[in-house]
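Please examine the sequence and the structure shown below. The briefing that follows treats the contact between the chains, the strands and their packing, and the salt bridges.

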Amino acid sequence: MPLDLSMFERFAVTYQPEDIIFCEHEPGDTFYLIQSGRVQIVKIIDEIEKNIDILQPGEIFGEMAILEEAPRSASAVALDQVKALEFNRENFEILMKGTPQIALKLLKLFTKRIYDQKRRFLILTLNDEQAKVADVFLMLSETQHVDNPDEDEREFKVAVDDIAHWAGISPERSRAVLNHFVSQRRVEIFPDRIVVKNINDFARFVKSKRRQQLSD
Amino acid sequence: MPKAINYKANSIVYFRGDTSENVYILKSGKVSLNYNDIETGQEMHDLIQTGEFFGVKSALGKYPREETAVVLTNATMIAFSVPEFEQIALQNTRIIMKMLKVFSNQLRRIHKQVRNLLMTGANTNDPESGLFKIGQYYLKSRKFKQAVYALRRYLTYYPSGKYASEASSLLEAAENGTTGNMRNISHAAPVQTGTQLTEVAKAYYNAVSLFSQEQYGEALKEFQKIIKDSQGGEYEAKAQYESGRCFFNLNKFDQCIKHYTMMIQKYPKHPDLVDALFYVGNSYERLNNKDKATGFYKKILSMAREDMPVYRKSKKALKKLGE
């Protein structure tokens with residue numbers, strides 16, 4: 001259902017293509033609802049600009065600022081000419097009460113973020129670096145659509161640095177662990193993707209490491 | 001249509017790992033949500049209050065149930081499909097607002113837990129260097145417009161930061177780069193003035209930056225000035241907390257205790273209250289007042305949740321004191 005947001009016109013901001021809306025690491029106290037144009041979320045990891053997501057009109061971004069004034073965890077860049085509504089904690093309540101549809105959208109976004117963060121947390125609590133890396137692949141496979149669930153092999157469009165980022169280890173360590181997996185023939189690394197030969201083998205491996213850790 | 005369902009004691013509403021379809025509201029009886037704490041692995045039991053919703057997060061987020069819902073005594077609940085739930089929520093904003101509050105607290109908590117774990121890892125990156133490096137990166141990859149933005153932001157937040165002079169010269173280079181081929185940059189920037197920080201916020205981030213460079217005396221001066229100038233308001237409270245940390249790091253333990261005692265009286269619900277108490281306890285410990293220190297650490301244990309870093313720190317400190 002189309003939302004009538006005309007009452008929020010005074011919160012509207014516009015950006016030209018390639019404009020930075022906010023930058024990773026800068027303190028944030030505003031969040032945005034896209035009205036037109038697309039916004040790209042990027043992160044610079046080891047001198048490479050990584051695409052995290054591309055957001056469409058109707059989507060919300062920067063929402064962590066509602067909760068705490070922490071540094072932004074990624075940058076938001078306008079892909080097209082973008083018109084967005086900019087809100088902060090002060091006018092947040094007005095927005096939510098005036099347009100419950102947006103409040104509901106935000107509620108759903110929060111449920112997803114909580115789940116993602118919890119899953120990430122589980123990776124980070126593992127002590128063993130190999131288990132961390134294996135668990136990153138498990139996490140990625142959980143949200144991946146698979147045509148044939150009986151197939152053990154999984155392909156991921158990620159690079160070594162992405163794995164390092166998720167596992168909370170340095171890119172060098174990430175590469176070392178992955179090379180070890182390659183030598184065991186559990187993983188194959190290609191320029192544009194990483195293939196895990198048997199995802200269930202990784203699942204068993206992580207499970208046993210986790211159990212071992214709890215009994216220690 | 002939402003329907004009322006009766007459950008016998010010891011039956012299960014859903015198991016962990018089940019596909020989530022319904023949202024429930026408890027009408028009568030007792031239901032417990034059983035799950036393992038993600039940090040300790042400990043088995044947890046949360047009792048649902050009558051009139052409370054449960055199963056909301058996994059149903060709305062479309063992921064498997066994270067807990068098992070066990071019926072303890074004969075109970076009645078109403079099951080809503082997700083569209084049914086959305087419909088009543090849209091008609092009753094209070095439900096959404098309340099849940100937003102609960103979920104945002106959970107999100108903030110898990111976010112903090114993740115950050116704490118990442119901090120201990122190798123890739124610690126303080127926001128000040130982070131922001132500067134982004135400016136550097138964009139300049140190097142000849143994305144001048146973005147470089148100008150990041151470097152200007154850096155200089156706004158950290159006017160006397162450790163990279164300030166370097167940032168100024170890089171900014172000049174970036175601006176020269178843009179004027180060469182894209183004249184419209186200087187017009188594009190003012191569009192974002194809506195997000196400009198207030199003076200007090202700038203002063204605050206500057207002081208935080210001094211603190212991170214271990215210039216505690218300078219930082220303290222700045223924080224004290226913010227307290228004097230801003231009177232009440234968010235930044236005063238923050239500056240109060242940071243001032244205490246400055247006293248502590250300057251080894252002025254008496255003043256640290258005095259300062260936090262005053263702050264706690266003024267802001268009994270300060271968000272950093274428990275951390276402040278830890279500094280007080282630690283100050284007493286440094287002053288060799290073992291009893292007082294023990295008292296404060298014990299108080300923290302009774303106030304903090306077990307998953308908070310300050311809880312573990314206090315526990316460790318008590319152990320050291322032979323408690």
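Across the interface of chain A and chain B, 13 residue pairs are in polar contact, both residues being at pLDDT 80 or more; a polar contact is a pair of N or O atoms within 3.5 Å, where within protein one must be able to donate a hydrogen and the other to accept it, and residues adjacent in sequence count only if both atoms are side-chain atoms. The model is predicted: local features need pLDDT of at least 70, side-chain atom pairs count only at pLDDT 80 or more, and totals for chains, interfaces and linings use all residues. Residues are numbered from 1 along each chain as its sequence is written, chains are lettered from A and ligands numbered from 1 in the order in which they are written, and side-chain values use heavy atoms, with hydrogens and water left out.

**Interface of chains A and B**

- On the side of chain A that touches chain B, at least two residues each come from β1 (12–15), β2 (20–22), β3 (30–36), β4 (39–45), β5 (48–55), α1 (89–98) and α2 (100–125) of chain A; helices (H or I, at least four residues) and strands (E, at least two) are DSSP runs, numbered from the N terminus.
- The largest share of this side, 19 residues, is supplied by α2(A).
- By residue class, this side of chain A holds 30 nonpolar, nine polar and 17 charged residues; Ala, Val, Leu, Ile, Met, Phe, Trp, Tyr, Cys and Pro count as nonpolar, Asp, Glu, Lys and Arg as charged, and the others, Gly among them, as polar.
- Contact (heavy atoms within 4.5 Å) joins 56 residues of chain A to 55 residues of chain B.
- The two chains bury about 5400 Å² between them, 68% of it on carbon and sulfur atoms; buried area is the accessible area (1.4 Å probe) that two parts lose on being put together, summed over both.
- In chain A, the most area is lost to chain B by A:H25, A:L107 and A:F121, together 13% of what that side buries.

**Sheet β1-β8-β3-β6 of chain A**

- Four strands of chain A form this open sheet with antiparallel pairing; two strands pair if DSSP finds at least two bridges between them.
- β1 and β6 (60–61) of chain A are the edge strands, each with a single partner, so one side of each has no neighbour in the sheet.
- Six bridges join β3(A) to β8 (residues 82–88) of chain A in the antiparallel sense, and A:F31 has A:F87 in β8(A) as its bridge partner.
- α1(A) packs on the sheet and touches β3 and β8 of chain A, its direction making about 105° with that of β8(A); axes are lines fitted to C-alpha atoms, for helices over the stretch in contact, and angles run from 0 to 180 degrees between N-to-C directions.

**Sheet β2-β7-β4-β5 of chain A**

- This open sheet of four strands also has antiparallel pairing.
- β2 and β5 of chain A stand at the edges with a single partner strand each, so one side of each lacks a neighbour in the sheet.
- β4(A) and β7 (residues 75–78) of chain A run antiparallel and are joined by four bridges; A:V39 stands opposite A:A78 in β7(A).
- Helix α4 (residues 127–140) of chain B packs on this sheet, touching β2, β4 and β5 of chain A.

**Salt bridges**

- Over all chains, the structure holds 27 salt bridges, each a side-chain nitrogen of Lys or Arg within 4 Å of a carboxyl oxygen of Asp or Glu.
- Five salt bridges are counted between chain A and chain B.
- A:K108 forms a salt bridge with B:E86, with the closest N and O atoms 2.6 Å apart.
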